[in-house]
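Here are my notes on the model, point by point. Please read them with the structure open.

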Amino acid sequence: MNNTQQELIQNEQQFVKGRVKSVFFQSNDSFYKVILISVKETNFDWKEHTITVTGDFANLQEENEYRFIGHVVDHPRYGKQFKAETYEVDVPDTTEGLVHYFSSDKFPGIGKKSAERIVKILGDDALNLLIQDPERAQELGLSSRQAQTLIEGVKDNNQTDTIIIGLNNYGFSSKISARIFAKYHEKSLTVINENPYQLSIDIDGIGFMKADQIANQIGIKDDSAVRIRGAIFQVLSDFCYESGNTYATSRQVIENAITLLEKGRQTAIDPEIVADQIIELEKKHRIVADQQHIYVRRLYHAEHGIANKLYTIATNQDQKNYDEKKLAKILRRIERHLGIQYDDVQQDAIFTALNSRCFLLTGGPGTGKTTIINGIVAMFAELNGIDLKQIQQQKDDSHLPILLAAPTGRAAKRMTETTGLPARTIHRLLGINGHDEELSESKVTELSGDLLIIDETSMVDTELMDVLLGAIPYNMQVIFVGDKDQLPSVGPGQVFADLLESDQLPKKELTRIYRQSDDSSIVELSHSIQQGQLPTDFTQQHADRSFIACNAFQVPDVLEQVVKLWISKGNLIDDLQVLAPMYKGVAGIDSLNNRMQAIVNPAKHGRKEVQVNQQVFRIGDRVLQLVNDPEHNIFNGDIGKVIGIDLKSAKNHIPADKIIVDFDGNEVGYEKRNWNQLTLAYCMSIHKSQGGEFPLIILPMVRQFSRMFARNLLYTAVSRAKQKLILLGEVDAFEKSVSIVSSNRQTGLKEMLWEAFGDHEKVNLLDETDSEDEIETAKSDEQETNQGLNVLTNSLIESGKIDPMIGMNGIQPKNFMEQKPKV
Ligand SMILES: Nc1ncnc2c1ncn2[C@@H]1O[C@H](COP(=O)(O)OP(=O)(O)OP(=O)(O)O)[C@@H](O)[C@H]1O
């Protein structure tokens, strides 16, 4: 055989035909299986009677024959096996085979005679005809029971196979196929064929590009409406769920959608057809266009919901108006009890909070927010005859007159520690059991009580705030506490900052630092960062803070030395927390986690460990929970310790692999499919550290992280340190971080608040012509871009293509509430 012939055979698709002997393995969360086949036919050299086949298959029937298409691979551990990319069910297609099939156990009630009649009427293609059109069963002269058995049997035996084969043919991975099937079930292929872009909306892991590839395969035209809409949804979703905005401008949508569409197919797209589709989607209430702002419906209604509910709460007639003298008298007593004296601003904050239906309190670390919460709670209890001791001792959470909550488990725990009263996560408070994606559809518990205090409000995103406010009765007093200079929420919005800036609710900002002001330089550093500069003594050694100069490659070694020194001095490793802004890179979270693990919990003979993605978990490891799991009372950002690893063993009666993690006394078991909810936590992202405090923080900042540099990021990291702070890296990386003020997110909440509160002065500002400066800048911008997009958007408005108020006349947000977004 010459080389060309050999190549031809190698490139030819390989197949193996045979019957299933046994299923060795089947994945819990996908269709992936490892099976043993007794070989009947192959187009490659195979001497043995059986072969192991891997791939995504439906529930293979042992007596059926299958044709697997793929190629032979050499597995390092299991040797030669067949990796199937797709498969076909070898359905009977001879008269004899079909009669045998229809009269088998799969169709109880259908005997040989009826089977013969089916094949006589429908012919040798009977099975396919029945799969495609079950109605054909009616023309076979069968009893209604037999016809039903036939339809159901054909469906049960073939439908899942057809779908999985279809999904395999589109090239989806096992996990994605499983997600698609879990979402659409028997409609999977129909959905894909009708509108593949629906996948990019519904299925995690499928983006516009993949959907577009399928669309191309099935002949959806470059400028077809469904394609343009798919791009519009993708752009909106990226703008909001990736970048944290709650809307995109029409210009941004048009511009970005065109970029995406042209990247996918390299065909020029006329901006006007994108604009047309924006209008269409708006008309069908699938997106919302408010002025020039294009919204995902959920976010639009959430912002409206927040503004309207806050207005209702804040203007409740049941306004308390306590006499200042009376309040001062009680406060003096409480001060004596707490052993402190509130300064004028703090006192003012307490009194305003007590006299307001809704109040906002912001301040940096150590400015007394918790001390004020304690004062408010004590005063509120006294004024309303509430026994705080009884609340402290109450075993369950029901009927509490004072409710305390925070967005993360760690922040809620800290609240309990500092106030001595029960505090919960907001999810727990609302009785939300589902995952975050289902938040807007969650059934929440209507709250009861007189006062609600939310801490770490800067972490609450638009959707959660809307759901929370939706559960608050109108007559409940509400206080939001937070630090406006910290990072905004992970999800869309910057609710706390917007509430403060809107100026519609009573608020106080605390600026005087109390914590350890004599000997702590950490709090000073935080405040200096907040002001936009590093202190002149930044690189000098302090009792509680030091800086070690090193480059990115030196960071892991320097970290190792610091950690070893910390341990050698008798300190607890659990008191030390490394934070970093990014996962990737030699000084990134993943690399530092590996180094930390090697120092404090290395591999040891006999120590159980499991591999999860790129990481190894061992008993004793510190781990971080990555998603909210209210059912087990664990939340995104919670830190736990691995206390058990049970490996599947028939001998020890352990049915499946399991990791057991202890979250402060709450022991949670993780089955294999949930292991990716965990990651090592020796080093964690600054975002995930929000709402927590640690005795020692080690923070590397190097030029490699430049993409993430931002003042609020550095500020958040530094202000997590309670006693000691060790900064590693390059001074200019810290300097750069301080100098970058991250731009505000695009949100509509402030404007909606002005409208809801009837602040005509501010609402009018929105409509007024721009200042001369702004007009000048806009003009030069326009000239610079010269893309015509500014002009386009404006001309679309002028020509009536985009109506700034499209669909909004006389329509209230609630009119859309019940409908689900769909392309
Ligand atoms: N008026 C005051 N007089 C004396 N000490 C005070 C006063 N206000 C606050 N403190 C003290 O300052 C320290 C920090 O206060 P607190 O914990 O309330 O600040 P915080 O704003 O909640 O800080 P963080 O956000 O970092 O938790 C505490 O030890 C507290 O007792």
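1. A residue counts as near a molecule when its C-beta atom, placed from the backbone, lies within 6 Å of it. Keep in mind that this is a predicted model. There are 15 residues around the ligand. Pro365, Gly368, Lys369, Thr370 and Tyr514 come nearest.

2. Which helix gives the most to the shell around the ligand? Helix H16, residues 369-383, does, with 3 residues. By type, the shell holds 8 polar, 4 nonpolar and 3 charged residues.

3. Now the whole chain. Its secondary structure comes to 31 helices and 26 strands. The chain has 823 residues, and 41% of them are buried. Take the contacts between residues at least 6 apart in sequence: 67% of these join residues at least 24 apart.

4. Next, a helix pair. Helix H13 (residues 297-314) packs against helix H20 (residues 462-470) at an angle of about 45°. Their axes are 9 Å apart. Angles under 35 degrees count as roughly parallel and 65 to 115 as roughly perpendicular, so H13 and H20 are oblique to each other. Their crossing is left-handed.

5. Who makes that contact? On the H13 side, the residues are Arg298, Leu299, Ala302, Glu303, Gly305, Ile306, Lys309 and Leu310. H20 brings Thr462, Glu463, Met465, Asp466, Leu469 and Gly470. The residues of this contact divide into 6 nonpolar, 5 charged and 3 polar.

6. Helix H18 spans residues 409-419. Its buried residues are Gly409, Arg410, Ala411, Ala412, Met415 and Thr419. What covers them? The cover includes H16, strand E10 (402-406) and strand E11 (423-425). H16 is also the helix that gives the most to the ligand shell. After H18 comes glycine 420, with a positive phi near 75°.

7. Is aspartate 638 buried or exposed? A residue is buried if 20 or more other C-beta atoms lie within 10 Å of its own. Aspartate 638 has 26 within 10 Å, so aspartate 638 is buried. Aspartate 638 is found in the loop between strand E19 (622-625) and strand E20 (639-646).

8. What does aspartate 638 touch, leaving aside neighbours within four places in sequence? Aspartate 638 is in contact with Gly409, Arg410, Gln625 and Phe663. Gly409 and Arg410 are among the buried residues of H18. Histidine 760 is another matter: aspartate 638 and histidine 760 are 122 residues apart in sequence and 44 Å apart in space, C-alpha to C-alpha.

Key:
Residues are numbered from 1 along each chain as its sequence is written. This is a predicted model: local features need pLDDT of at least 70, side-chain atom pairs count only at pLDDT 80 or more; totals for chains, interfaces and linings use all residues. Helices (H or I, at least four residues) and strands (E, at least two) are DSSP runs, numbered from the N terminus. Ala, Val, Leu, Ile, Met, Phe, Trp, Tyr, Cys and Pro count as nonpolar, Asp, Glu, Lys and Arg as charged, and the others, Gly among them, as polar. Axes are lines fitted to C-alpha atoms, for helices over the stretch in contact, and angles run from 0 to 180 degrees between N-to-C directions. Angles under 35 degrees count as roughly parallel, over 145 as roughly antiparallel, 65 to 115 as roughly perpendicular and the rest as oblique. A crossing is left-handed if the near helix is turned anticlockwise from the far one by less than a right angle, and right-handed if clockwise. Two residues are in contact if their C-beta atoms, placed from the backbone, lie within 7 Å. A residue is buried if 20 or more other C-beta atoms lie within 10 Å of its own, exposed if 12 or fewer, and partly exposed in between; C-beta atoms are placed from the backbone.
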